Amino acid sequence: MGIPRFRLAHRLGLIVGVDLLLVCGLAAALASARLSATMVFFVSLLAGACLTSWSLSRFWKPVRATLQAVTDGVLSFQENDFGIRLAATGVGELRELVELYNRVGDALRSERSEIYQRELLLDTLLQGAPMAILLVNELDRIVYANSAARHLVTSARRLPGRGLDEVLASVPEPMRIALASGHDALFTWTPAEPGAQEETYRVVQREFLLNTQTQRLIVVERITPELRRQEVEVWKKVIRIMSHELNNSVAPISSLFHSARVAAGRPEQSHRLDDIFRSIEERVGHLRDFLDGYARFAKLPPPRKELVNWADFLEGVRTFYPFHIEGPVPDRSGFFDASQIQQVLINLLKNAAESGSPPQHVSASLETSAEGGAILKVLDRGKGMDAETMKNALVPFYSSKRDGTGLGLPLCTEILSAHGGTLTLERRPGGGTVVTCTFPAAPANEARRAAGKI
């Protein structure tokens, strides 16, 4: 059986009871000595007070000592010191309290040790990570930096405690702009070492709460090897495609020239020359168009943005390629390069027509986005795209068409990206495809100019 829960109360009651018995005995002895009742009362009261004071003092001394020890131990917990243990003496609630304190201390010490081991493992991993990692508090002071960060941003041996502005003052301008922006970014930088090549870095920045304080995590990763690997793969693919396309044109042209030479030497076959030369002209034209497509994709000029009335713009495109406009067109003007976006829209409408969609089901819709930009959709009821085609449709040089170059949609994506917009593909409920183009809002000064306030 366990120790009674109220053992201290029992002891206190026993002490009080014994003191009362002693005082009553003293009062009886004084009364038998024929002292006055007043004298007996005051003497008994004084003796009872002294006896009770002495008894309670003896009783509370171990209680006070134990409570003080537990209090000191709890204060040590506040200072992250979990090594203090108390001697479990006596019986009853005081012993239970001391044992409970010791168990709590052991649990906290064990947990603290596990946390320390995890932190040590995490720090070891972060210090050995190839990317630079910085942790900045809400005062823009660095609270953590791994070894890669020290090598990247400064030659100093210690970064924690220093201001981010102070550290960035000594780094190259592209890096300083990317790190100070507070957003994800890419930047290129050529180290000062002789013979060093241009390096490309990716910056990822995230904010989170740590101990109720806002912290900013900055990760800088060198992606030059991956970009070079992808560049080599792209070049290999371009060379394969161009080689294939050139062979498809050069071989027939060579055969046709041979036929023309034979026909020219035989008067009875001279009537074939016109057909042969026409075939050669077609193959040369196809090859020229093929190479022009690559040239346009590789030499896309920067957009010359200006305010454009959407209604007039869409009507202008309809003269080149007919389509149906769904719903009303917003009165707000767009801010884009009209010739480039016209090229995008014509390309999308051409794809919609070639998808097998009935002409009356090729349409476009325009609406204003929540940020004040525009959302342009091109819709059709064609055969749509399978999962593989949908996945690779925006990849350069990928084409599901027999004579396609795989540059139409990537060129549209490149143009929209240069405008700060996006292009996405999705299946249309009921069949067909929806191509969504987003455009950012016009700058405030351009919007005011459109409203006639400038």
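Me: Why is C412 called buried in this predicted model?

Reply: The relative accessibility of C412 is 2%, and buried means under 20%, so C412 counts as buried.

Me: What makes C437 count as buried?

Reply: C437 has a relative accessibility of 1%, and since the cut-off for buried is under 20%, C437 counts as buried too.

Me: Which residues of helix α6 are buried, and why are they said to line one face of the helix?

Reply: In α6, which spans residues 173-180, the buried residues are M175, A178 and L179. Viewed down the axis of α6, these buried residues fall within an arc of 95°, and therefore they line one face of the helix. In general, an α-helix has 3.6 residues a turn, so residues three or four places apart point the same way.

Me: What covers the buried residues of α6, and what does the face turned away from them carry?

Reply: The cover includes the helices α4 (147-153) and α5 (164-168), together with the strands β3 (185-189), β4 (199-210) and β5 (213-222). The face of α6 turned away from its buried side carries the exposed residues I177 and A180.

Me: Which residue just after α6 takes a positive phi?

Reply: That residue is G182, with a phi of about 80°.

Methods
Residues numbered from 1 in each chain as written. Predicted model: local features only at pLDDT ≥ 70, side-chain atom pairs only at ≥ 80, totals over all residues. Heavy atoms only, no water. Buried < 20%, exposed > 50% of the residue type's maximum accessible area, 1.4 Å probe, protein only. Helix = DSSP H or I, 4+ residues; strand = E, 2+ residues; numbered from the N terminus. Arc of directions from axis to C-beta. Contact = heavy atoms within 4.5 Å.
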